[in-house]
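Reader: Could you take me closely through the surroundings of the ligand, with the criteria behind each term?

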Amino acid sequence: MAELDQSAVRPGSAPEPARGGPEDAPYLEALREYARRNPGRFHVPGHKGGAGADPELREAFGEGALALDIPALMQGIDVGPEPTPFQRAQELAAEAWGAKRTWFLINGASQGNHVACMSLAQMGSEFVVQRNVHSSTIDGLVISGLRPTFVAPELDAELVIAHCLTPEALDRALRDTPGAVAAQAVSPTYFGAVADVAGLAEVAHSYGVPLIVDEAWGAHLAFHPDLPAHALSLGADLVISSTHKIVGSMTQSAMLHLGHTDLLDERVIDRSLTLLESTSPNSLLTGSLDAARRQAAVHGEELLGETLEALAATRAAIRAIPGLDVLDDSMAGRPGVFAYDPLRLAIDVRGTGRTGYEIAPQMLRLDDINLELFAENVMVAVFGLGENASREGAKLVAALHHVMDELPAAEDREASMFAPPPPWGPLAMAPRDAFLATQEIVPFREAEGRIAAESLAAYPPGIPNVLPGERLTGPSLDYIQSTLAQGGSLRGASDRKLETIRVVVEKA
Ligand SMILES: Cc1ncc(COP(=O)(O)O)c(C=O)c1O
């Protein structure tokens, strides 16, 4: 038998533990080192580092990216002397955000919410949850079987948007839910409102339960002193962070940060995470998290400083356009708004006599401007940590001038007709039980009194009116219908026209 050339295999078989500090990206570097060696790739994926890929895919993604598409359980990357580069990358992320432990997620912040719910279900069954949590938390309730007690966020009647949960509201909900194992709040919101996380944490801890914060929109907050403080630094116990939204990792990558807390078990979170993750985590997503952490930790303050300056100038330029206004720090102090995150540029269009539903599609048609979100009164443009914000801000301002010149003038529209939503119906069964129950589809008008098997959230303001497991009430059904009749929209429903609704078949 021919002797193996040991030098050819040694790089893959005898790695050193990973070292390095914030300036390094150990996982990304390990991937690149593997690709550089041009090793024998007798493993998945079948495109073999790009050699076997469709030529257009190779051209579109670039050979470099495909060469770094490397599976799990590879020596010198996530196997070998500890810490492996994969472990070290997560340690560096924990250091950057001040966590006891950080996990990289390859199914977005959605996965973080699923993991949080699965981990809590080990501790009991009652969970206090902000009513307008992201749908992934509702899915987490379905997966885990937790029974929610919902708490309403503060509603901004003027802008007809929902802000954050207040400590007082959380206190009432926890008092009414003696068996609660945890509480969850969302901060910042889509519109940039930041909750009083320190106050929420104090309340949760006074009941002996952990505070989970869905900080999907706030991964950048840790990196500039002029931004509102981030949730971990204010006492949150578990933080879900959608790193791809603003900090610049690739879409679908996110992080879960465990605080320095005794209220949650790290091993349970770890096990829940593997349950809810592919056994083939994508190395490009993971590598992008490692790199995004480095960029934020090393250059975040400088980059964010430039972005904040550019956004201040962009806000001033938008304000100078007749009829337009922007949300800013002055929001802080309104009910449910403790502080404001300026990286969302929320444009108040009420003074134009037009709605966001009219303006945003015209901006797309005229100038190929794609906004993150538009509603009746407010349109939201998102800015990232490292982009050229002054150039992009100028593009946005020019497009706003263009659209306002093109749109025929409108009479000042009346103040919003949208009334605050009525109270939601009682929870008749846990969301999981409703999801798994035998279901039927009934005409919308005959649904009153039935148990919903789906969610219905009328926009504005987007606070769910109905969630799986709740009994449908007449006022909620009327409210949804009248919101739609006034030009609002509906999320969650399987029948967007709302002629029918999916309900649970109750045994006699
Ligand atoms: C508050 C909140 N949480 C969680 C998510 C899910 O994030 P991801 O898309 O990373 O799964 C979103 C997505 O928009 C969100 O807004």
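Author: What follows is a walk through the ligand site, from its pocket to its contacts.
This is a predicted model, in which local features need pLDDT of at least 70 and side-chain atom pairs count only at pLDDT 80 or more, while totals for chains, interfaces and linings use all residues. Residues are numbered from 1 along each chain as its sequence is written, and side-chain values use heavy atoms, with hydrogens and water left out.

The ligand sits in the largest pocket; a pocket here is an open set of points, on a 1 Å grid over the protein atoms alone, where a 1.4 Å probe fits and protein lies on both sides within 12 Å along at least five of seven lines, and a molecule sits in it if more than half of its atoms lie within 2 Å of its grid points.

Around the ligand there are 13 residues, the closest being A109, S110, D214, S242 and H244, where a residue counts if one of its heavy atoms lies within 4 Å of the molecule. By class, this shell has five nonpolar, six polar and two charged residues, with Gly counted among the polar ones. Helix α6 (108-120) and helix α10 (243-246) each supply at least two residues of the shell, and α6 gives the most, with four; helices are DSSP runs (H or I, at least four residues).

Among the polar contacts (pairs of N or O atoms within 3.5 Å), oxygen atoms of the ligand lie 2.7 Å from a polar side-chain atom of S242, 2.9 Å from a polar backbone atom of A109 and 3.0 Å from a polar side-chain atom of W217. The protein covers 86% of the 390 Å² of accessible area that the ligand has on its own, by the Shrake-Rupley method with a 1.4 Å probe.

Key
A polar contact is a pair of N or O atoms within 3.5 Å; within protein, one must be able to donate a hydrogen and the other to accept it, and residues adjacent in sequence count only if both atoms are side-chain atoms. On a 1 Å grid over the protein atoms alone, a cavity is a set of points where a 1.4 Å probe fits but cannot get out, and a pocket is an open set with protein on both sides within 12 Å along at least five of seven lines; lining residues have an atom within 4 Å of a point.
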